[in-house]
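Please find below my comments on the structure.

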Amino acid sequence: MNELIKVAVDAMGGDNAPAEIVKGAVEAVQESKKIKVFLVGREEAVRVELAKYTVPEGQIEIVNATEVIETAEPPVAAIRSKKDSSIVKGMKLVKEGACDAFVSAGSSGAVLVGGQVLVGRIKGVERPPLAPLIPTSKGVALLIDCGANVDARASHLLQFARIGSIYMKHVMGVNDPRVGIVNIGAEEEKGNALVKETFPMLKACDDIHFIGSVEARDIPSGVADVIVCEAFVGNVILKMYEGVGSMMLHEVKQGMLSSLRSKIGALLLKPALKKTLKKFDLEQYGGAPLLGLNGLVVKTHGSSKAVEIKNSILQCIAFQEQKINEKIKEQTVREEKA
């Protein structure tokens, strides 16, 4: 049997911890024999939840952590002061090589700070971006960055495009991924100062497939596979996506139950409709990886239920098997030599 991919999971992070976190971890190991999960958190509370399930032998282990970093806490101070927190101990497992990845639904700020301070950046990576997958009519696209670097420079966006292309090609299997930069129009001369500075750099880059500017309204149609932007813009796009998706699911369900006729029609349409609506459920895509670190860190929504935790754990398999960090390191070496 090949060596298991080891994933540390923040059992105390998020609105639904530890119950949904533990459930998601159990579902992940039940679905794949390739992984071992280390549930990091208050041992007694985690053990109570874990006792509810039948767990494959040797695939889940509890790591005791007595402290929890709350969402409202200042991230830097929390990382420094709460050495026995589930986030700090989980990330240290990655830093020390005991685990390959860390998954958390906890404090976004603490995860971002801890990723850079504790796990550390790959040499040559200027700013690790947070990059979730978002649904499109042609599959998924990688939104990079969506929350880690609000005041990014043009060189950062160029590197995001390269890193994002590596991820989409090797993890998602997209051959020659199309890269677009978010803009307020398709014309090259449009945009703010950052976009105007970045555009020619992307255009001149030989190792990506740059297609030009992408307007927000075109993202859902699958116009590009890698959507490049700085974190403020990316976060707005992501939150709008989440809001519209949630609203659509609610409205469709309400419409189907509004009358006897609609209920009968819903029964006939249910199989096809369920498949279509599932595309708008962001939980199925897992969390957002913080790319460019010396180990994989995945941030999931604070409101994550078991299905998103499960998928966030499972996405670590392809990342590790495809040796994404090694490919990013090779890319940064080429950049330095260029």
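1. Just after α4, Gly-97 adopts a positive phi of about 85 degrees. The model is predicted: local features need pLDDT of at least 70, side-chain atom pairs count only at pLDDT 80 or more, and totals for chains, interfaces and linings use all residues. Residues are numbered from 1 along each chain as its sequence is written, and side-chain values use heavy atoms, with hydrogens and water left out.

2. Helix α4 itself is mostly covered, with 7 of its 10 residues buried (under 20% relative accessible area, with exposed over 50% and partly exposed in between; 1.4 Å probe, protein chains only). The buried residues of α4 are Ser-86, Ile-87, Val-88, Gly-90, Met-91, Leu-93 and Val-94. Helices are DSSP runs of H or I of at least four residues, and strands are runs of E of at least two, numbered from the N terminus.

3. Lys-83 lies in the loop between α3 (75–81) and α4 (86–95). Lys-83 counts as partly exposed because its relative accessibility is 49%.

4. Strand β2 (residues 35–41) is largely enclosed by the rest of the structure, because 7 of its 7 residues are buried. One side of β2 carries Ile-35, Val-37, Leu-39 and Gly-41, and the other Lys-36, Phe-38 and Val-40.

5. Strand β1 (residues 5–10) pairs with β2 in the parallel sense over 6 bridges (pairing requires at least two DSSP bridges between two strands). Val-7 stands opposite Val-37 in β2.
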